[in-house]
Amino acid sequence: MEARPMRVLVTGGSGLLGKAIEHVVALEAGKLEGEQWIFLSSKDANLTDLGQTRAVFEKYRPTHVIHLAAKVGGLYLHMRENLWGSRDNLKINDNVLQTAHETGVTKVVSCLSSCIFPDKTTYPINETMIHDGPPHDSNFGYSHAKRMIDVQNRAYFQQYGHHYTAVIPTNVFGPYDNFNTENGHVLSALINKTYTAQKEGTPLTVCGSGAPRRQFVYSLDLGRLIIWALREYEEISPIILSVGEDDEVSIKEAVDMIAEALNFEGQMNYDTTMSDGQMKKTASNAKLRSYRPDFTFTPLKEAIKMTCDWFITNYDKART
Ligand SMILES: NC(=O)c1ccc[n+]([C@@H]2O[C@H](COP(=O)([O-])OP(=O)(O)OC[C@H]3O[C@@H](n4cnc5c(N)ncnc54)[C@H](OP(=O)(O)O)[C@@H]3O)[C@@H](O)[C@H]2O)c1
């Protein structure tokens, strides 16, 4: 019997990653003939609510799900709201996976994060180490909730043979990110801060020492890889989707790239009274490379420049 075309439901379709996948589907021939792609926001259904989750699955009857919806933010939001990071995400993930099971969804690709890995560990971190020790204290609520997705994926496979799996991105940025200087992720918050400092002729103050190191991934690259995972990745165990260890940069190096992209030549201060979060969480992309040795990531400098240009052009509608 010929397989019917996929009907893909993307939860969190209005966020940074959802918009990137939508872009790839619409503008890079990411959608095959006969397929339907539906991108949800929290306005379509509050996925912390089981009734609303069931209603939206009944409405669209997906065959496949990319599950991105999460209560998510930068370091300082996570530090303040570990309770909500935990409760909301536990509810969202359980509702989505159980409803996918009840409505016969064939495959689910959920999104974990490299910040859920153990705090005290050896580097590089790989996919087998998720549950090897407590996560960093700054985001323990979010991290434990995310780790449970991996537990549930294994359990759905064990009990029902379902093909529910997960991807683990490192630090993502790009168009449609949350550029809020308090709650946004580090790179996008810094783009907004630098833009404002440039406009107002004021110094730029960076929270923390600038020393922590991160592997930044451009959202469009990740969108392409998540679509690949949906179509071709067959394992239940998760896969890290990231640039390599050699491409890790310090926050200070990233700030310098942002300053160059925005032509900011003013004074820069590092506020060392503010938390640095985890100093590093270097992840191995060896598993990804074993499947996709050919995949080319957009160079960081180029991706930062494109994100800065998007931010300036879309300043009025960007999340700030
Ligand atoms: N950004 C990163 O650096 C990063 C790194 C690793 C992993 N991830 C993971 O990637 C996924 C997507 O992250 P993102 O950066 O794209 O996040 P984002 O831009 O903040 O978007 C979050 C999405 O989740 C939706 N959402 C939040 N609460 C919801 C609820 N109660 N019910 C239904 N939908 C809800 C939002 O809908 P509204 O627009 O309507 O609010 C939005 O579409 C998340 O699972 C995150 O943990 C992100």
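First, a term I need: a polar contact is a pair of N or O atoms within 3.5 Å, and within protein one of them must be able to donate a hydrogen and the other to accept it. I also reminded myself that this is a predicted model.

**Entry: Q215**

I started with Q215, which sits in the loop between β8 (213–214) and β9 (216–218). Is Q215 buried or exposed? Its relative accessibility is 3%, so Q215 counts as buried. Next I checked what the side chain of Q215 reaches. One of its polar atoms lies 3.2 Å from the backbone oxygen of V243. The backbone oxygen of G244 is 3.4 Å from a polar atom of the Q215 side chain.

**Entry: the ligand**

Then I went to the ligand. Which residues come nearest to the ligand? There are 28 residues around it, and S14, S42, Y142, K146 and R319 come nearest. I looked up some polar distances:

- S14 has a polar side-chain atom 2.6 Å from an oxygen atom of the ligand.
- S42 has an N or O atom in its side chain 2.6 Å from a ligand oxygen.
- L68 uses its backbone: a polar atom there is 2.8 Å from an oxygen atom of the ligand.

I also noted how covered the ligand is: taken alone it exposes 900 Å², and the protein buries 86% of that. For the shell around the ligand, I wrote down that α1 (16–27), α5 (140–160) and β6 (171–173) each supply at least two residues. By type, the shell residues divide into 14 nonpolar, 12 polar and 2 charged.

**Entry: a patch on the surface**

Helix α5 came up again when I looked at M148, which lies in that helix. L90, M148 and V151 make a nonpolar surface patch of about 210 Å². M148 has 36% relative accessibility, so I put it down as partly exposed.

**Entry: salt bridges**

How many salt bridges does the count come to? The count is 15. I picked a few to follow up.

E58 pairs with R61, and their closest N and O atoms are 2.8 Å apart. E58 is partly exposed because its relative accessible area is 46%. R61 is partly exposed too, at 39%.

K252 and D256 also meet in a salt bridge, 3.1 Å from N to O. The two are 4 residues apart in helix α8 (residues 251–261), so about one helical turn separates them. I found K252 partly exposed, with a relative accessible area of 36%. D256 counts as partly exposed at 32% relative accessibility.

My next pair was R213 and E248, whose closest N and O atoms are 3.8 Å apart. This pair links distant parts of the chain: R213 is in strand β8, E248 is in the loop between β10 (239–241) and β11 (249–250), and 35 residues separate them. Is E248 buried or exposed? E248 has a relative accessible area of 10%; the cut-off for buried is under 20%, so E248 is buried. R213 is partly exposed at 32%.

One more salt-bridge note: E28, D221 and R224 are linked in a network.

I checked the backbone next. Which residues does a cis peptide bond join? It joins Y123 and P124, with omega at about 0 degrees. P124 is in the loop between β4 (107–111) and α5.

I also looked up positive phi values. Y176 is not a glycine, yet its phi is near 75 degrees. Y176 belongs to the loop between β6 and α6 (186–200), and it counts as partly exposed at 31% relative accessibility. N263 is another non-glycine with a positive phi, about 55 degrees. I placed N263 in the loop between α8 and β12 (268–271). With a relative accessible area of 58%, N263 is exposed.

**Entry: G73**

My last stop was G73, in the loop between β3 (64–67) and α3 (75–80). Its relative accessibility is 8%, so G73 counts as buried.

Notes: Residues are numbered from 1 along each chain as its sequence is written. This is a predicted model: local features need pLDDT of at least 70, side-chain atom pairs count only at pLDDT 80 or more; totals for chains, interfaces and linings use all residues. Side-chain values use heavy atoms; hydrogens and water are left out. A residue is near a molecule or strand if one of its heavy atoms lies within 4 Å of it. Accessible areas come from the Shrake-Rupley method with a 1.4 Å probe; for residues, only the protein chains shown count as cover. Ala, Val, Leu, Ile, Met, Phe, Trp, Tyr, Cys and Pro count as nonpolar, Asp, Glu, Lys and Arg as charged, and the others, Gly among them, as polar. Patches are made of residues with over 30% relative accessible area and no salt bridge: like charges are joined within 9 Å, nonpolar side chains (Val, Leu, Ile, Met, Phe, Trp, Tyr) within 5 Å. A salt bridge is a side-chain nitrogen of Lys or Arg within 4 Å of a carboxyl oxygen of Asp or Glu. Buried means under 20% relative accessible area, exposed over 50%, partly exposed in between (1.4 Å probe, protein chains only).
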